[in-house]
Amino acid sequence: MNERARLERAMRAALALSESARGWTSPNPPVGAVILDAKGVVAGQGATQPPGGPHAEVVALRHAGQRARGGTAVVTLEPCAHHGRTPPCAEALLAAGVRAVYYAVADPNPVAGGGVRALLAAGVRAEGGLLAGEAETGPLRAWLHYARTGRPHVTWKYAATLDGRSAAADGTSRWISGPESRAEVHTVRAKADAIVVGTGTVRADDPALTARTAGGRLADHQPLRVVVGTGALPDGARVLDAAAPTVVLRTRDPDAVLTELAGRGVVDVLLEGGPRLAGGFAAAGRIDRILAFVAPALLGAGPAALGDAGVSTITEAHRWAVEGVTMSGNDVRISAVPARAGEE
């Protein structure tokens with residue numbers, strides 16, 4: 001195996017470790033790291049631990065021990081160079097005696113960045129861009145958005161029929177999507193920091209908004225349940241039980257909601273509210289990704305998946321770029337992001 005192939009294989013392992021840390025590290029990034037010894041053999045692996053715990057590089061270096069000396073570190077994000085709750089990762093790599101560091105994405109945080117400069121100044125080879133696209137659209141997507149904008153990343157998740165209905169005319173909506181899609185949604189929830197719905201959804205559907213395993217038990221990580229709006233919540237609503245933490249925000253303003261959540265260290269938001277709430281976020285330009293589950297069914301009447309999004313004519317349509325279409329059981333799963341200029 002040539003060096004490039006070896007490095008890419010190590011980076012894919014680091015990306016998998018990064019993905020495994022999602023949901024546990026916010027407001028820190030979910031980073032993965034792999035240490036190769038001087039012969040190119042995996043000596044250590046690690047993922048960022050919850051806030052206050054060691055970063056991915058330190059976990060991997062501890063695993064590698066003396067085999068890290070003269071070896072190579074492969075990391076999903078540029079090693080940090082600042083003293084926060086933990087010492088700089090760049091210093092740990094230098095102390096371990098690695099000869100080279102390959103990373104996927106540069107750290108956009110002006111406080112934490114600078115690790116590459118420190119490594120290069122010490123004579124360590126440091127090179128970025130290795131599988132950068134997979135990191136940016138994968139486990140680091142939400143955190144990079146948060147670091148660059150100061151706002152949590154919002155994924156609007158919804159299920160709808162082929163004719164765009166999110167419920168029947170009588171309001172019933174269980175179940176539009178199939179069991180495979182519903183299981184995937186629980187996996188997505190288990191990696192999110194927060195789930196946002198409106199008071200209307202709580203009154204109409206009484207959702208638990210918990211993440212559950214395939215066996216039906218509560219997942220180890222539960223996102224913060226966020227209910228927004230001014231409407232009253234019914235006594236005994238499941239969203240207020242002790243299965244997961246809940247916060248009620250008496251506003252529907254997307255920026256006010258996201259500002260409050262950012263102050264709580266929330267990075268990755270799953271928007272699951274009804275059409276009115278989704279329309280408000282869309283009108284404000286505060287949806288960063290759409291995750292749609294389209295079921296092969298027709299209703300012909302009933303609420304649309306999206307309410308008023310501030311569009312009065314076709315030229316004002318919100319345009320999206322589809323980044324992936326896959327099957328989820330009998331449903332079609334679509335992932336889309338805002339279209340850039342020229343993609344409309």
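Author: Happy to; we'll go through the sheets, the helices and one serine. This is a predicted model, in which local features need pLDDT of at least 70, side-chain atom pairs count only at pLDDT 80 or more, and totals for chains, interfaces and linings use all residues. Residues are numbered from 1 along each chain as its sequence is written, and side-chain values use heavy atoms, with hydrogens and water left out.

Reader: Thanks! In what order do the eight strands of the open sheet run?

Author: The order is 9-8-7-10-6-11-13-12, with mixed pairing. Strands here are DSSP runs of E, at least two residues, and helices are runs of H or I, at least four, each numbered from the N terminus. Two strands pair if DSSP finds at least two bridges between them.

Reader: Which are the edge strands there?

Author: Strand 9 (246-249) and strand 12 (320-328), each pairing on one side only. The twist averages 20 degrees from one strand to the next.

Reader: And in what sense do strand 12 and strand 13 pair?

Author: Antiparallel, over eight bridges. W320, for instance, has P338 in strand 13 as its bridge partner.

Reader: Which strands does helix 7 lie across?

Author: Helix 7 lies across strands 6, 7, 10, 11, 12 and 13, and runs at about 160 degrees to strand 11. Axes are lines fitted to C-alpha atoms, for helices over the stretch in contact (heavy atoms within 4.5 Å). Angles run from 0 to 180 degrees between N-to-C directions.

Reader: Now the five-strand sheet: what's its order?

Author: That open sheet goes 2-1-3-4-5, again with mixed pairing. Strand 2 (42-47) and strand 5 (125-127) are its edge strands, and the twist averages 15 degrees from one strand to the next. Helix 2 (residues 56-64) packs on this sheet, touching strands 1, 2 and 3.

Reader: Which residues in helix 6 are buried?

Author: R141, A142, W143, L144, H145 and Y146. Buried means under 20% relative accessible area, exposed over 50%, and partly exposed in between (1.4 Å probe, protein chains only). G150 follows helix 6, with a positive phi near 80 degrees.

Reader: Last one: where is S166, and what does it touch?

Author: S166 is in the loop between strand 6 (153-161) and helix 7 (179-191). Leaving out residues up to four places away in sequence, S166 touches A159, S173, I176, P303, A304 and A305. A polar atom of the S166 side chain lies 3.4 Å from the backbone oxygen of A304.

Key. Polar contact = N/O pair within 3.5 Å; in protein donor to acceptor, adjacent residues only side chain to side chain.
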